Amino acid sequence: MAHIVVLGAGLGGVIMAFEAREHLGSGHQITVINKGDKFHFVPSNPWVAVGWRDREQIEVDLHQALKRVGATLRPEGAARLHPEENRVELTTGESVSYDYLVIATGPDLAFDEIPGFGPEGYTQSVCHVDHAIRAKAAFDKLLKNPGPVVVGAVQGASCFGPAYEFIFILDTALRRAKIRDKVPMTFVTSEPYIGHLGLDGVGDTKGLLESEMREHHIKWITNARVTSVEDGTLHVEEVGQNSDVVATHDLPFAYTMMLPAFRGVPAVKDIEGLTNPRGFILIDKHQRNTKYPNVFAIGVGVAIPPTGPTPVPVGVPKTGFMIESMVTATAMNIASLVAGQEPKEVASWNAVCLADFGDSGVAFVAQPQIPPRNVNWSSSGRWVHLAKIGFEKYFIRKVKRGTSEPFYESLALKALGIDKLKATQSG
């Protein structure tokens, strides 16, 4: 009997446990190590931050969800991975040994890299439900005392979609409150152009998002490097193509939400051969670490090089469907190893994203996520907002039921020509 340990129970980790059970069968042990016993649907955090959702609506009890597939939850959280000894040290000092490990921790949020930055400083965040709840309290203050709003993503960030979502969601919420005319809005991003998204654009995301910003009276600053934050002021350097500072901006704000750069979590950082200098897990095409071949990684914690040089550092996002493709490949490759065979499955890394704007939105499909692509498509409309609501309800139900991929999801993806795995040739 093999023991598979999944480190982390977010979007990737919880589905990893479901698919591991599906592909390995009932004769093997699955343990999920997570900080806490709740799953939260992170894509709904922007809605929580303006009061359109509360915590309970996007929360699932992990004990019950994992019990459905015969997996065990260890909610103490990991203190340190010891890959030479095939064990994970928990925060209690106990250890969990494994035959195969899947690292699905998500990122460590690097708020400390900029003075005054983050929820413990002067900016809000929607990266975690706890942050979103604090952001809601700050939003309530904005409603009572309107003033300038600054939203965006700092240097080194790799998750730009939620920043675009949030500034348009704020715009919608402020219009509904009939105070949008009292709130000047500025989007500040490390991207070289609006709609870059860490992907060098997808379809006409540049044109679509610039048009939406003009229509909603939102100004923007690109190639932006945030140097520090004070109470009520965001200090920004605007960088030219040669990385020289071409302008400085001291942006006043009554409310600001800026996404941070990511790095590897402390439990896995600085393990030679496992991580890069930023703490992200090094993997081969089978999601497998080359130094520790019984260690796999999926999700935001995976090391992916940027799409190309930019004046300000910009990371590559790992979208939800891309993560699910990593999950499927990993589950099947571990099943092959358990059966005494070599892994052969390769995740497609296709990107499917729905960016909600509160009453409309932008959707894009990139196949694969990293250029050059076979499919490079984007579109906008109210249908995106409705699709995002539908996907939220569907995914949370999927987690509650302990289902990795219901039949109708597989059928819909096939109809769209979107695959989780790359076609591989044996022999």
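Reader: How far apart are the centres of domain 1 and domain 2?
Author: In this predicted model, the centres of domain 1 and domain 2 lie 30 Å apart, taken over C-alpha atoms.

Reader: And which residues make up each domain?
Author: Domain 1 is made of two stretches, 3-109 and 265-348. Domain 2 covers 129-262.

Reader: What area do they bury between them?
Author: Domain 1 and domain 2 bury about 2,500 Å² between them. Carbon and sulfur atoms account for 70% of that area.

Reader: Which residues of domain 1 lose the most area to domain 2?
Author: Those are Trp-52, Pro-311 and Val-312. Together they make up 23% of what the domain 1 side buries.

Reader: How many salt bridges cross the interface of domain 1 and domain 2?
Author: The rule finds one salt bridge across that interface.

Reader: Turning to Asp-130, with which residue does it form a salt bridge?
Author: Asp-130 pairs with Arg-55, and their closest N and O atoms are 2.7 Å apart.

Reader: What about polar contacts, how many residue pairs are there between domain 1 and domain 2?
Author: The count is four residue pairs in polar contact, with both residues at pLDDT 80 or more.

Reader: A change of topic: where is Gln-287?
Author: Gln-287 sits in the loop between β18 (262-263) and β19 (295-297).

Reader: Is Gln-287 buried or exposed?
Author: Gln-287 counts as buried because its relative accessible area is 1%, and the cut-off for buried is under 20%.

Reader: Which residues does Gln-287 touch, leaving out those up to four places away in sequence?
Author: Among them are Val-295, Phe-296, Ile-298, Val-302, Thr-330, Ala-347 and Trp-349. Gln-287 also touches Ala-297 and Met-326.

Reader: What separates the C-alpha atoms of Gln-287 and Met-326?
Author: These C-alpha atoms are 7.0 Å apart, while the two residues stand 39 residues apart along the chain.

Reader: And which backbone oxygen lies 2.9 Å from a polar atom of the Gln-287 side chain?
Author: That is the backbone oxygen of Ala-297.

Definitions and conventions. Residues numbered from 1 in each chain as written. Heavy atoms only, no water. Domains from an automatic or database assignment. Buried area = accessible area lost by both parts, 1.4 Å probe. Salt bridge = Lys/Arg side-chain N within 4 Å of Asp/Glu carboxyl O. Polar contact = N/O pair within 3.5 Å; in protein donor to acceptor, adjacent residues only side chain to side chain. Helix = DSSP H or I, 4+ residues; strand = E, 2+ residues; numbered from the N terminus. Buried < 20%, exposed > 50% of the residue type's maximum accessible area, 1.4 Å probe, protein only. Contact = heavy atoms within 4.5 Å.
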